Amino acid sequence: MQSWASAEVPVLPGRGPELRLYDTSDRQVRPVAPGSTATMYVCGITPYDATHLGHAATYLTFDLIHRQLLDLGHAVHYVQNVTDVDDPLLERAERDGIDWRALGDREVALFREDMAALRVLPPREYVGATEAIAEVIELVEKMLASGAAYVLDPDVAEYPDVYFRADATPQFGYESGYDRETMLRLFQERGGDPGRPGKSDELDALLWRAARPGEPSWPSPFGAGRPGWHVECAAIALSRIGSGLDIQGGGADLIFPHHEFTAAHAECVRGERRFARHYVHAGMIGWDGHKMSKSRGNLVLVSELRAQGVEPAAVRLGLLAGHYRADRFWSRQVLDDAIARLRRWRTATALPAGPDAADVIARVRRYLADDLDTPKAIAALDGWATDALEYGGHDGAAPAAVAAAVDALLGVYL
């Protein structure tokens with residue numbers, strides 16, 4: 001699947017501190033310690049609707065990580081999937097009387113436009129689930145052979161779906177840290193089927209959905225069908241990156257069941273304790289007192305803001321004004337503040353001279369290295385801009401240096 005064009009990233013002199021990120025499974029901020037090439041897998045969209053600000057906030061989080069790793073001198077092998085066959089997509093396509101492939105292609109194209117406009121650096125590999133069917137089948141075969149998966153008994157279930165045993169790995173549950181009651185509740189709320197007849201355990205997760213009339217399907221040794229949600233990400237990550245994944249990421253609503261099962265699928269076939277060294281999750285964006293979601297119909301769409309003439313750089317700054325792990329609300333005030341800040345920073349960096357840039361750049365690097373503390377980084381830049389506008393400065397190279405750092409580290413072009 002085609003990714004989007006990359007914005008040019010300025011190379012800054014010097015080097016900041018090593019990156020430290022909060023790890024969901026360990027419940028603490030820990031150093032990220034990649035090799036020369038850092039590896040990152042981030043879950044992509046199910047393309048049945050347009051990109052909203054919740055999506056944007058998540059992908060900006062991992063764009064910041066991408067940029068910090070580049071600034072530290074690492075190459076970055078970044079993989080992102082697209083769940084281009086799944087129940088929500090098929091249901092929306094049927095509702096709207098459109099072919100599911102055409103709907104997916106349309107929304108993926110819009111997503112790419114939104115990401116390019118927001119200056120999100122593209123993944124090296126952008127992979128649709130339908131492009132990874134062979135890898136999914138191979139992974140499911142291995143799980144069936146090892147006993148980590150089973151086929152529903154045809155005497156009990158109408159269709160011979162394939163399920164993963166939640167107890168196939170002894171460490172299952174370590175990523176989320178949730179108790180069984182919480183797991184069952186979230187499993188039910190987020191696409192699971194705890195009450196499905198014939199399952200060994202209520203928490204067992206679908207690996208392969210056997211073909212139903214009118215649904216897309218692919219042949220496999222265990223019958224025609226299509227991938228379950230979690231196994232697609234495990235298969236893509238293992239086939240494109242392999243073992244030793246540095247970061248698995250996505251929104252906080254993916255912690256369970258999606259990321260817990262993705263990790264368990266990979267761990268059971270590789271015999272590994274941890275799928276990723278870091279599990280990183282972005283907070284939720286709300287509007288009108290609720291989490292922004294398609295089901296609530298309270299979405300603020302990136303494409304609609306762009307169509308209204310809102311500059312994507314202001315959208316980006318508005319989302320970065322809050323810490324990535326915090327659940328927070330979008331509002332017109334957030335956007336107005338971001339527009340004013342962008343205008344102020346641009347005015348300051350257009351001056352012929354300004355205060356020394358080295359200190360503010362060092363502080364921005366230090367704050368971002370400390371679990372992406374964008375509020376502190378933005379406050380440091382606000383302070384520099386105030387000094388530049390009110391008191392001037394004697395460093396003719398400072399304005400351009402600050403503008404380059406804001407571009408390289410925060411992805412905001414001044």
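Where does Leu-372 lie? In this predicted model, Leu-372 is placed in the loop between α11 and α12. Asp-371 is found in the loop between α11 and α12 (374-391). Most residues other than glycine have a negative phi. Leu-372 has a positive phi, near 55°. Asp-371 has a positive phi as well, near 60°. Leu-372 counts as buried because its relative accessibility is 0%, and buried means under 20%. Asp-371, at 3% relative accessibility, also counts as buried.

Helix α11 spans residues 357-369 and packs with helix α13, residues 398-410. Two packed helices are described by the angle between their axes and the distance between the axes. For α11 and α13 the angle is about 10°, and the axes are 9 Å apart. The two helices are therefore roughly parallel, since angles under 35 degrees fall in that class. On the α11 side, the contact is made by Ala-357, Val-360, Ile-361, Val-364, Arg-365 and Leu-368. Helix α13 contributes Ala-398, Ala-401, Val-402, Ala-405, Leu-409 and Leu-410. Of the residues in this contact, 11 are nonpolar, none is polar and 1 is charged.

A second region of interest comes from annotation. An unreviewed UniProt entry lists Cys-43, Cys-233 and His-258 under "binding site". These residues are spread over 216 residues of sequence, yet they cluster in space, with a largest C-alpha distance of 9.5 Å. Cys-43, Cys-233 and His-258 are part of the lining of the largest pocket.

Cys-43 sits in the loop between β3 (37-42) and α1 (53-71). With 5% relative accessibility, Cys-43 is classed as buried. Leaving aside residues up to four places away in sequence, Cys-43 touches Tyr-59, Gln-80, Asn-81, Cys-233, Gly-249, Leu-254, His-258 and His-259. Cys-233 belongs to helix α6 (residues 229-240). Cys-233 is buried too, with a relative accessible area of 1%. With the sequence neighbours up to four places away again left out, the contacts of Cys-233 are Tyr-41, Cys-43, Asn-81, His-258 and Thr-262.

Helix α7 (residues 255-270) includes Pro-257. Most peptide bonds are trans. The bond from Phe-256 to Pro-257 is cis, with omega near 10°.

Helix α9 (residues 312-320) is mostly covered, with 9 of its 9 residues buried. Among them are Pro-312, Arg-316, Gly-318 and Leu-320.

How values were computed: Residues are numbered from 1 along each chain as its sequence is written. This is a predicted model: local features need pLDDT of at least 70, side-chain atom pairs count only at pLDDT 80 or more; totals for chains, interfaces and linings use all residues. Side-chain values use heavy atoms; hydrogens and water are left out. Axes are lines fitted to C-alpha atoms, for helices over the stretch in contact, and angles run from 0 to 180 degrees between N-to-C directions. Helices (H or I, at least four residues) and strands (E, at least two) are DSSP runs, numbered from the N terminus. Angles under 35 degrees count as roughly parallel, over 145 as roughly antiparallel, 65 to 115 as roughly perpendicular and the rest as oblique. Contact means heavy atoms within 4.5 Å. Ala, Val, Leu, Ile, Met, Phe, Trp, Tyr, Cys and Pro count as nonpolar, Asp, Glu, Lys and Arg as charged, and the others, Gly among them, as polar. UniProt positions are given in the numbering used here, feature names are shortened, and annotations may be inferred rather than shown by experiment. On a 1 Å grid over the protein atoms alone, a cavity is a set of points where a 1.4 Å probe fits but cannot get out, and a pocket is an open set with protein on both sides within 12 Å along at least five of seven lines; lining residues have an atom within 4 Å of a point. Buried means under 20% relative accessible area, exposed over 50%, partly exposed in between (1.4 Å probe, protein chains only).
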